[in-house]
Amino acid sequence: MLNAITIIILAVFLLLMAFLLLVRTKKGIVLSADNVIVLGAAAIWGILFPIIYFYSLQNPNNRYLIVISSYSAWDMVRYYVCIGVFLFFLVKTFRLFSDESRLISPLSDDGDGGVSDEESDRLYIASVLLFAVGVISDVMYCWAYGGYLGYLEYSAFIRSGITDLVKNPWSFLIVFRDCVSVSSFLLFSQLRKKGTVQTGRVVLFAASVIYSLMILFANRGRLSFLIYVVVFLMAYWMNKDKVKVIKIKNVCFVVIAFLATVILFERISAWMGRTTEFDAVDLLCSEIAFCFSNFKMLLSEMRADDARFFLDIVSYPLFLLPSSFWRKIIPDTASDFMTVLAFGSKKGQDGVLGETPIDSVSIGYLQLGLIGVFVFAVFFGIVAAKLYRWVLKLPVGRVRGTLSVYVMLEIFLRSLVYADSYNIVQRSFSLIVFALIYWGVGLFQKKRSRVSGLTADQGLFREKFSNEP
């Protein structure tokens with residue numbers, strides 16, 4: 001009884017804190033990246049955690065739910081203190097480093113919003129090149145398995161951590177394959193040129209969508225598949241209705257969409273061969289229970305010498321390299337550590353076919369207790385703000401808006417639950433590749449303009465002196 005009262009009181013306090021952190025106007029809650037983070041955290045720890053805790057008391061039918069059912073009142077207090085510290089400093093840091101860029105830019109504007117032809121072409125060329133990089137990487141990656149159909153036979157084993165069935169010299173290209181999905185978002189935002197839909201762009205966009213769905217299906221990633229579809233739906237909805245504030249009707253829409261997503265999640269699971277029976281509540285609780293069991297396992301089983309002392313923060317640049325390289329320096333990720341706590345071995349070893357992802361609160365606590373939670377919140381707030389400011393500097397409004405939706409869902413919200421440094425870098429990799437390509441195209445355009453300018457000057461010089469007696 002004490003535990004039940006405690007978790008309800010703590011959840012209410014967290015929801016109140018979240019409400020106070022929200023940026024609001026007279027028209028409603030501002031639809032901004034920081035507010036989305038607040039609402040996401042409130043939903044996860046203020047609503048879902050209490051629901052799953054009570055569910056675990058009646059249905060402790062897996063390892064994670066058994067752990068959740070063992071929370072004491074004191075454990076819950078410590079957990080919610082860490083959640084509060086994480087949320088407060090994450091949001092405050094994000095706002096401090098993003099300044100006026102917090103608000104989502106409009107998804108549509110007048111044509112290209114006054115953007116020059118050169119800037120518009122630069123963005124489109126970079127999007128096409130990103131698509132090409134993704135396709136080439138996918139073809140080379142699947143080649144070792146006998147092509148796409150051959151890869152389908154091995155993808156389930158690879159996802160389970162069994163990677164030694166086929167030696168793939170191009171395995172490092174796996175992260176480049178996601179470039180196809182990001183390119184489809186970019187091409188979706190550039191179907192029009194000077195207000196007119198371009199047939200060639202529509203064809204290329206359709207090809208990118210089809211190829212993206214093929215990769216997502218082969219990877220058997222249910223959540224990635226859902227996020228991919230939702231990005232298009234949200235971008236279209238926000239563009240159509242010019243959504244700038246969150247109202248009651250928007251909340252109702254999200255609730256209905258969430259319930260539909262649970263059902264769709266199950267259908268996708270069956271389609272991908274991941275589940276056979278359907279129970280919406282059991283599915284939801286089982287899929288996200290790991291997020292709430294992590295902290296309890298750390299409280300119960302983590303030793304003083306298990307602290308990682310911010311290894312998972314300083315190693316972010318290292319995770320840009322192939323895993324064959326960084327695994328020699330960091331043999332165990334934070335998720336590997338949690339998997340060992342939960343099942344006794346890492347993914348792919350001793351019959352363990354799944355991984356226990358680490359959430360954002362637990363990865364901070366794993367660094368150095370409450371101090372680690374604070375440091376990780378500040379660090380992630382800075383990284384998120386810098387990434388978001390870069391997205392909002394892109395020249396075309398529709399591109400800025402669509403990528404804003406993608407970044408908020410795939411990087412910000414998903415990282416609240418899947419916060420392993422390697423996973424965050426991997427999910428951001430396609431954006432990094434796009435940034436490099438976009439930068440390279442800009443350099444090429446400047447060089448060509450400089451050469452063209454010099455050629456024009458030489459022509460004027462010849463014309464001037466050829467007319468002299």
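Student: Let me start from the definition: a crossing counts as left-handed if the near helix is turned anticlockwise from the far one by less than a right angle, and as right-handed if the turn is clockwise. Which hand does the crossing of α5 and α7 have?

Tutor: This is a predicted model, and in it the crossing of α5 and α7 is left-handed.

Student: And at what angle do they pack?

Tutor: Helix α5, residues 117–143, and helix α7, residues 179–188, pack at an angle of about 155 degrees, and their axes are 8 Å apart. Angles over 145 degrees count as roughly antiparallel, and α5 and α7 are therefore roughly antiparallel to each other.

Student: Which residues meet there?

Tutor: From α5 the contact takes Y124, S127, V128, L130, F131, V133, G134 and V135, and these meet C179, V180, V182, S183, L186 and L187 in α7. The residues of this contact of α5 with α7 divide into 11 nonpolar and 3 polar, with no charged ones.

Student: What about α8, how does that one pack with α5?

Tutor: Helix α8, residues 199–219, packs with α5 at an angle of about 35 degrees, with the two axes 11 Å apart, and α5 passes α8 in a left-handed crossing. On the α5 side the contact is made by Y124, V128, F131, V135, D138 and V139, while α8 brings in R201, L204, A207, S208, Y211 and I215.

Student: How many of those are charged?

Tutor: In the contact of α5 with α8 there are 2 charged residues, together with 9 nonpolar and 1 polar.

Student: Still on α5: is R122 buried or exposed?

Tutor: R122, which has its place in helix α5, counts as buried because its relative accessibility of 15% falls under the 20% cut-off.

Student: What does R122 touch, then?

Tutor: Leaving out residues up to four places away in sequence, R122 touches Y438, W439, V441, G442 and Q445. With Y438 there is also a polar contact, in which a polar atom of the R122 side chain lies 3.0 Å from the backbone oxygen of Y438.

Student: New topic, T402. Where does it sit, and what does its side chain reach?

Tutor: T402 lies in helix α16, residues 397–417, and its side chain reaches the backbone oxygen of R398 at 3.0 Å. With a relative accessible area of 4%, T402 is buried.

Student: And V30, how far is it from I246?

Tutor: V30 and I246 are 216 residues apart in sequence, while in space their C-alpha atoms are 6.2 Å apart. V30 lies in strand β2, residues 28–30, and V30 is buried, at a relative accessible area of 8%.

Student: What share of contacts over the chain links residues 24 or more positions apart?

Tutor: Counting contacts with a separation of 6 or more, residues 24 or more positions apart account for 77% of them in the protein chain. The chain has 17 helices and 5 strands, and 49% of its 469 residues count as buried.

Student: Is F309 buried or exposed?

Tutor: F309 counts as exposed, with a relative accessibility of 52%, because the cut-off for exposed is over 50%.

Notes: Residues numbered from 1 in each chain as written. Predicted model: local features only at pLDDT ≥ 70, side-chain atom pairs only at ≥ 80, totals over all residues. Heavy atoms only, no water. Axes fitted to C-alpha atoms, helices over the stretch in contact; angles between N-to-C directions. Helix = DSSP H or I, 4+ residues; strand = E, 2+ residues; numbered from the N terminus. Parallel < 35°, antiparallel > 145°, perpendicular 65-115°, else oblique. Contact = heavy atoms within 4.5 Å. Nonpolar A, V, L, I, M, F, W, Y, C, P; charged D, E, K, R; others polar. Buried < 20%, exposed > 50% of the residue type's maximum accessible area, 1.4 Å probe, protein only. Polar contact = N/O pair within 3.5 Å; in protein donor to acceptor, adjacent residues only side chain to side chain.
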